[in-house]
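Hi,

Here is the model you asked about. Please open it alongside this note.

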Amino acid sequence: MSESRAHIHIDKLTMAYGDFVIQRDLSFDINRGDIFVIMGGSGCGKSTLLKHMLGLITPAKGDIAFNGQSFFSAPPARQDEMRQGWGITYQTGGMFSAMTLAENVTLPLQLYTDFNRDQIAEVVAYKLALVGLDGYQDYYPSEVSGGMRKRAALARAIALDPEILFFDEPSAGLDPISSRLLDELIQQLQESTGATVVMVTHELPSIYGIATNSVYLDAHTRTMIGYGDPKHLRDHSNEPVVRQFLTRGLGAAEDSTA
Amino acid sequence: MSSSTAQIQLDLDNDHGAKLHFAGDWVEGSATPEYLDFRPQLLASAPNTLVLSGEGLGEWDSIFMAFLLQLCNDCRERDISIDSAALPASAHRLLQVATTVKPHKPPEEDSPPLLATLNPVAMLKGVAEGTRDSLAFMGEVTVALGRLAVGKANTRFSDFLTFCYQAGPNAFAIISLTSVLVGMILAYLGAVQLQQFGAEIYVADLVVIGMLREMGALMTAIVMAGRTGAAYAAQLGTMQTNEEVDAISTMGISPVEFLVVPRMLALVAMMPLLTIYANILGIVGGGIVAGGMGITPLQYINAGEAAIDSAHIFVGMLKSFVFAVLIAVAGCRSGINSGRSSAAVGQAATEAVVTAVVYLIIADAAINILFQQLGI
């Protein structure tokens with residue numbers, strides 16, 4: 001393929017609410033097939049960056065391009081088309097509580113595919129099986145555990161075989177074991193479908209476990225101060241704040257003069 | 001690459017083994033073989049092992065994986081071992097992920113036979129249970145009111161004022177509209193009959209007594225049941241969903257004192273005032289129709305004044321008080337007992353309005369019969 005490896009290109013992005021600038025001059029690439037982590041302390045604008053990538057907020061300056069095509073200068077119809085190639089899970093799951101798990105996964109299939117009713121039921125069973133929930137079709141989100149709800153949200157996100165998966169704090173509120181299983185599942189799905197994964201998280205185990213690339217947003221200087229493989233950043237970043245973050249503050253003592 | 005039709009072919013070897021060949025494009029929109037059509041063929045050959053081969057496979061997507069998953073689940077139940085290594089690597093991988101967890105078998109629930117649902121004993125038990133729950137809730141509210149009276153309840157006065165504002169002034173517009181129209185309807189109803197006897201002037205009596213005793217209180221109550229009763233149910237239902245009610249309970253505060261009492265008191269305080277307002281506007285509405293029939297405003301006021309009786313006002317006020325309690329109980333009870341999903345909140349709001357309207361009609365009839373017998 002002749003197209004460049006950059007799947008998502010963030011170009012001099014400045015995010016602001018009114019006059020209040022949250023982050024400025026963000027420029028980085030997310031490569032095809034990456035598991036890319038957006039990290040940073042609380043309140044630095046991680047989720048806001050994700051919302052910009054999802055096109056829910058228009059940037060104050062700069063642009064975001066998918067496959068080399070600008071999202072914000074595309075006409076609305078084209079934007080919707082681009083969105084169909086994305087799968088998204090939200091911080092609190094975003095499952096429709098009035099629908100069963102099967103109906104939740106069915107919805108995007110009904111809207112955007114030509115499958116007939118039986119085929120949809122089969123595909124839904126397959127998507128739920130991928131996240132280990134086959135047989136839970138007729139359960140409502142409120143009837144299953146928090147971890148299962150997160151996995152069900154993942155099943156809905158992958159319903160249309162997306163080429164980009166966005167996760168907002170996928171393992172927030174899960175116990176360490178469920179959290180690791182979810183990480184493994186994300187990794188397995190990434191490897192077998194070749195999708196690009198973008199996730200917001202500050203769970204160090206998942207960052208080290210599955211991330212291949214990352215960006216660190218700093219709340220103080222309001223821009224990115226780290227970009228690269230998180231393990232590499234932990235050992236070699238020039239910014240003490242980044243090393244501190246990646247070692248839960250333990251590496252700070254001896255390096256604070258750096 | 002030209003697209004080709006999706007095909008499967010089952011080859012048996014002599015050692016109870018079988019090989020399943022997949023060919024063509026298995027993508028959305030193309031005609032793909034159905035697993036259920038293929039199943040009899042597989043079961044008839046009853047192999048011990050099944051090798052999957054994807055040599056001739058073109059493009060594929062989820063529909064192909066869905067076929068494979070059904071095949072694997074079926075084979076697992078029948079102890080047929082499956083070898084999927086000859087499939088495309090990512091399909092092999094996805095299939096492994098999808099089959100790591102066995103499908104969950106939901107517990108089978110026996111649905112009761114049709115006749116059992118019509119069993120009168122069970123139905124009566126249901127009604128009795130519902131009544132007992134309502135009475136228990138009323139009891140809790142009474143206890144909370146008792147604690148409020150001795151100054152021990154955790155009820156915030158600022159909450160009470162907020163709810164008063166929501167239930168009172170905010171409802172003026174809709175109450176004005178409905179009561180003027182109800183007054184006019186009453187006048188029209190009477191006018192047709194009364195004109196036959198040349199007794200048009202009694203329209204004033206009809207409207208005044210009708211509004212004061214009956215329609216003022218009832219129409220206000222029905223509007224408030226739809227407006228405020230449903231709002232209470234939705235508010236409390238959402239709080240239940242967000243675990244706010246749990247938070248209140250674990251702080252050692254009774255949810256009834258903190259949530260129900262201020263809402264109920266606000267409605268009890270506002271409803272009689274709204275009813276008085278509705279009465280006045282209803283009488284004005286009746287006057288408009290009377291004016292159209294040739295009755296001068298002075299005549300209307302004179303005749304109407306003569307019809308006003310303290311007994312009518314008392315009955316109307318008593319009704320509005322009773323209705324306020326019933327609407328608040330129906331709304332708050334549905335909200336507090338709501339389930340924890342958005343559908344449950346909607347259900348709670350519906351239930352609140354339906355229960356409130358039923359309560360209102362029954363209570364209205366009961367009060368009317370009572371005062372009829374007492375001769376008031």
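Predicted model: local features only at pLDDT ≥ 70, side-chain atom pairs only at ≥ 80, totals over all residues.

Residues are numbered from 1 along each chain as its sequence is written, while chains are lettered from A and ligands numbered from 1 in the order in which they are written.

Chain A holds an open sheet of six strands, ordered 6-7-8-3-9-10, with mixed pairing. Strands are DSSP runs of E, at least two residues, and helices are runs of H or I, at least four, numbered from the N terminus. Two strands pair if DSSP finds at least two bridges between them. Strand 6 (86-89) and strand 10 (223-227) of chain A are the edges, each pairing on one side only.

Inside the sheet, strand 7 (residues 164-168) and strand 8 (residues 196-200) of chain A run parallel, joined by five bridges. Leu165(A) has Val197(A) in strand 8 as its bridge partner.

Chain B has 13 helices and four strands. Of its 376 residues, 36% are buried (20 or more other C-beta atoms within 10 Å of the residue's own, with C-beta atoms placed from the backbone).

Look at helix 8 (residues 203-241) of chain B. It bends by about 60° at Met211(B) (the angle between axes fitted to the seven residues ending there and the seven starting there). Helix 8 of chain B is mostly covered, with 28 of its 39 residues buried. Just after this helix, Glu243(B) takes a positive phi of about 65°.

Best wishes

Notes: Buried ≥ 20, exposed ≤ 12 C-beta atoms within 10 Å, placed from the backbone.
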